[in-house]
Amino acid sequence: MGFVLMLFPCGAQNVSGQDALFRGKMSDRYSSNFNGTPYWDAEGFMPGSILYNGKRYDGVYINVDAALCEVNVKPSPEIAATSPDRNQVSWFTRGGKRFVNLQYLGVEGAREGFYEVLFDGNVSLLKRVDKFLHKDTGNHNTEGMIGYEDSNYQHDVLSFFKISTEYLYLKDGELVKLKNRNALLNMYKSGKRELKARMASGGLRGRGIPDDTWYPSVMRLAESSEGTSGQLEAAARIWN
């Protein structure tokens with residue numbers, strides 16, 4: 001099954017606090033009595049653009065709530081954030097990174113919320129981050145548990161947001177969760193030996209390489225279509 005193409009006007013809008021984008025519900029304000037963060041990462045709001053209800057807004061500030069699967073938006077850093085209806089958000093950018101709503105684009109099997117685009121060509125590679133509130137004893141101040149190492153970690157606080165990260169491969173409308181790195185290599189069985197040789201030449205055989213570097217780097221070796229006509233870019237219309 002292919003995409004449901006969403007044809008929207010893409011002209012940038014002048015941003016005002018009265019725009020429809022900012023008339024949604026106020027974003028959740030979490031207490032500080034937990035470790036980790038409910039957001040995609042610990043970087044906070046970043047400049048970006050968003051396509052909401054068919055209108056593109058540039059020059060806004062964006063964060064991603066990975067616990068509620070929502071995007072939070074501000075017209076300026078000083079103003080409180082709102083959470084527009086995610087069912088009306090096709091895509092957005094945050095700090096130069098691209099995110100898409102695969103459900104909105106008609107991808108079968110996609111969950112509610114947003115996916116980061118790590119590679120986009122004839123096939124696409126995506127990343128999904130979810131956060132879940134847990135309560136447990138012990139030290140969870142690790143990248144594998146909360147997503148980063150927090151210099152202000154509160155060892156006397158039991159509650160923490162645990163991170164769940166997935167990498168997914170999208171081809172011909174079929175979304176496949178990659179269980180591990182070898183699952184991506186198996187997508188290229190006919191050329192797997194050659195791909196591994198190119199990986200070795202490119203220094204991509206070591207296990208110390210972060211997933212966010214390894215996965216898109218291998219995709220660039222395996223695919224020659226990036227930068228031509230990305231399937232997600234075509235479906236979302238534009239994000240530049």
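Modeller: What follows goes from the confidence of the model to its nonpolar cores and then to its rings.

This is a predicted model. The mean pLDDT of the protein chain is 88, and 88% of its residues reach 70 or more. Residues 3-13 have a pLDDT below 50, and this stretch makes 31 contacts in the model beyond near neighbours in sequence.

Now the interior. In soluble globular proteins, nonpolar side chains tend to be buried together. The largest nonpolar core here consists of 19 residues, and Leu178, Leu184, Trp214, Val218 and Met219 have the most contacts inside it. Two or more residues come from each of β9 (115-120), β11 (159-171), α2 (181-185), α3 (192-201) and α4 (211-222). The element that gives the most is α4, with four residues.

Leaving aside residues up to four places away in sequence, Trp214 touches Arg181, Leu184, Leu185, Met199, Leu204 and Ile209. Apart from this core lies another, of 18 residues, with Ile62, Val73, Phe114 and Ile163 among them.

Next, the rings. A pair of aromatic rings is described by the distance of the centres and the angle of the planes. The whole structure holds 10 aromatic pairs. One of these joins tyrosine 30 and tyrosine 39, which are edge-to-face, with 6.0 Å centre to centre and 90 degrees between the planes. Tyrosine 30 has a relative accessible area of 28%, so this residue counts as partly exposed. Tyrosine 39 has a relative accessible area of 19%; buried means under 20%, so tyrosine 39 counts as buried. Tyr30 and Tyr39 also belong to one aromatic cluster, together with Phe34 and Phe161.

A further pair brings us back to tryptophan 214. The ring centres of tryptophan 214 and tyrosine 215 are 5.1 Å apart and the planes are at 90 degrees; planes over 60 degrees apart count as edge-to-face, so this pair is edge-to-face. Tryptophan 214 and tyrosine 215 are both buried.

The charged end of lysine 74 is placed over the ring of phenylalanine 45, at 4.4 Å from the ring centre. Over the face of tyrosine 115 lies arginine 128, 5.0 Å from the centre of the ring.

Conventions. Residues numbered from 1 in each chain as written. Predicted model: local features only at pLDDT ≥ 70, side-chain atom pairs only at ≥ 80, totals over all residues. Heavy atoms only, no water. Core = buried A, V, L, I, M, F, W, Y, C linked by side-chain atoms within 4.5 Å. Buried < 20%, exposed > 50% of the residue type's maximum accessible area, 1.4 Å probe, protein only. Contact = heavy atoms within 4.5 Å. Phe/Tyr/Trp six-rings, centres within 6.5 Å; stacked < 30°, edge-to-face > 60°. Lys NZ or Arg CZ within 6 Å of the ring centre and 35° of its normal. pLDDT = per-residue confidence, 0-100.
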